[in-house]
Amino acid sequence: MATTKVLRWERRPDDRYQELLEAALQVFAQKGYRNTRLDEVAEAAGVTKGTIYHYFDTKEELLLSVIKHYQTLAFGRAEDVLRDDRLPASTRIRLLVRKMFVGGNKRGRHFLALLLRDVAHEVPHVHDSWLHDGPVRLWTLIGQLVDEGKERGEFRPDADGDVGARVLVSGLMLQLMWQQHADAVPAMAVDEDRLIDSTVELFLAGLRPPSLARQH
């Protein structure tokens with residue numbers, strides 16, 4: 001039985017919105033914020049420029065929507081981990097970090113570099129929004145898990161979970177962003193799973209009481 005191909009302009013509005021966000025992520029990551037034109041995003045999405053203005057008033061609004069969309073997806077993957085307080089805090093931290101960081105791609109690394117570099121200077125309030133709803137939210141959640149672990153005796157009572165979580169998140173972000181330079185500087189290259197898992201284990205090792213640390 002023959003199938004009918006659905007043309008892009010015939011797709012549901014929700015599908016077009018999703019395609020616009022994916023196309024915008026691709027173009028922003030490739031060209032940077034300043035050099036991106038909305039007609040390039042429209043071309044990448046297979047729609048007219050007018051379609052973009054149906055959903056977004058400005059390029060800045062489009063960028064902010066891309067950021068919020070992918071943040072929502074990332075934190076949505078972690079909801080089950082955060083709710084399951086039957087698991088030890090260390091296990092939930094491992095799962096949370098993997099869900100937030102594993103599975104990135106080269107485009108994602110370029111987009112992260114864009115956020116850390118270009119957006120901070122060109123649209124600082126968008127950068128501030130990303131920081132608040134992304135990195136700060138993540139290390140706050142990890143810090144809360146550290147506090148739970150301290151209450152249960154899993155972690156040292158004097159452990160500074162807030163500072164540790166900040167270093168964990170920012171260190172991983174920077175290292176993963178640097179992977180985009182691995183072709184030019186081979187010494188930058190590192191296996192993603194190794195980087196993430198070893199970083200978390202080092203983080204947890206510093207939290208454990210001496211008696212528990214000897215058991216690991």
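A residue is described here as buried when its relative accessible area is under 20%, as exposed when that area is over 50%, and as partly exposed in between, with a 1.4 Å probe and protein chains only. The structure is a predicted model, in which local features need pLDDT of at least 70 and side-chain atom pairs count only at pLDDT 80 or more, whereas totals for chains, interfaces and linings use all residues. Residues are numbered from 1 along each chain as its sequence is written, and side-chain values use heavy atoms, with hydrogens and water left out.

His 127 is found in helix α9, which spans residues 124–133; helices are DSSP runs (H or I, at least four residues) numbered from the N terminus. Because its relative accessibility is 12%, His 127 counts as buried. Its side chain reaches the backbone oxygen of Leu 115 at 3.4 Å, where a polar contact is a pair of N or O atoms within 3.5 Å, one of which, within protein, must be able to donate a hydrogen and the other to accept it, and residues adjacent in sequence count only if both atoms are side-chain atoms. When neighbours within four places in sequence are left aside, His 127 is in contact (heavy atoms within 4.5 Å) with Leu 115, Leu 116, Val 119 and Ala 120.

Arg 92 lies in helix α6 and, at 2% relative accessibility, counts as buried. The side chain of Arg 92 reaches the backbone oxygen of Asp 84 at 3.2 Å. Beyond its neighbours within four places in sequence, Arg 92 is in contact with residues including Val 81, Leu 82, Arg 83, Leu 145 and Glu 148.

Two packed helices are described by the angle between their axes and the distance between the axes. Axes are lines fitted to C-alpha atoms, for helices over the stretch in contact, and angles run from 0 to 180 degrees between N-to-C directions. The axes of α6 (residues 89–101) and α10 (residues 135–151) come within 9 Å and cross at roughly 165 degrees, which makes α6 roughly antiparallel to α10, a term applied to angles over 145 degrees. The crossing of α6 and α10 is left-handed, that is, the near helix is turned anticlockwise from the far one by less than a right angle, clockwise being right-handed. Among the residues that make the contact are Arg 92, Ile 93 and Leu 96 of α6 and Leu 141, Leu 145 and Glu 148 of α10. The residues of this contact divide into 11 nonpolar, 1 polar and 2 charged, where Ala, Val, Leu, Ile, Met, Phe, Trp, Tyr, Cys and Pro count as nonpolar, Asp, Glu, Lys and Arg as charged, and the others, Gly among them, as polar.

For helix α11 (residues 161–178) and α12, the axes come within 11 Å and cross at roughly 165 degrees, and the two helices are therefore roughly antiparallel to each other. The crossing of α11 and α12 is right-handed. Gly 164, Ala 165, Leu 168, Leu 172, Gln 175 and Leu 176 in α11 meet Glu 192, Leu 195, Ile 196, Thr 199, Val 200 and Phe 203 in α12, a set that divides into 8 nonpolar, 3 polar and 1 charged. Thr 199, placed in α12 (residues 192–205), is partly exposed, with a relative accessible area of 23%. Apart from neighbours within four places in sequence, Thr 199 is in contact with Leu 168, Leu 172 and Arg 194.

Key
Parallel < 35°, antiparallel > 145°, perpendicular 65-115°, else oblique.
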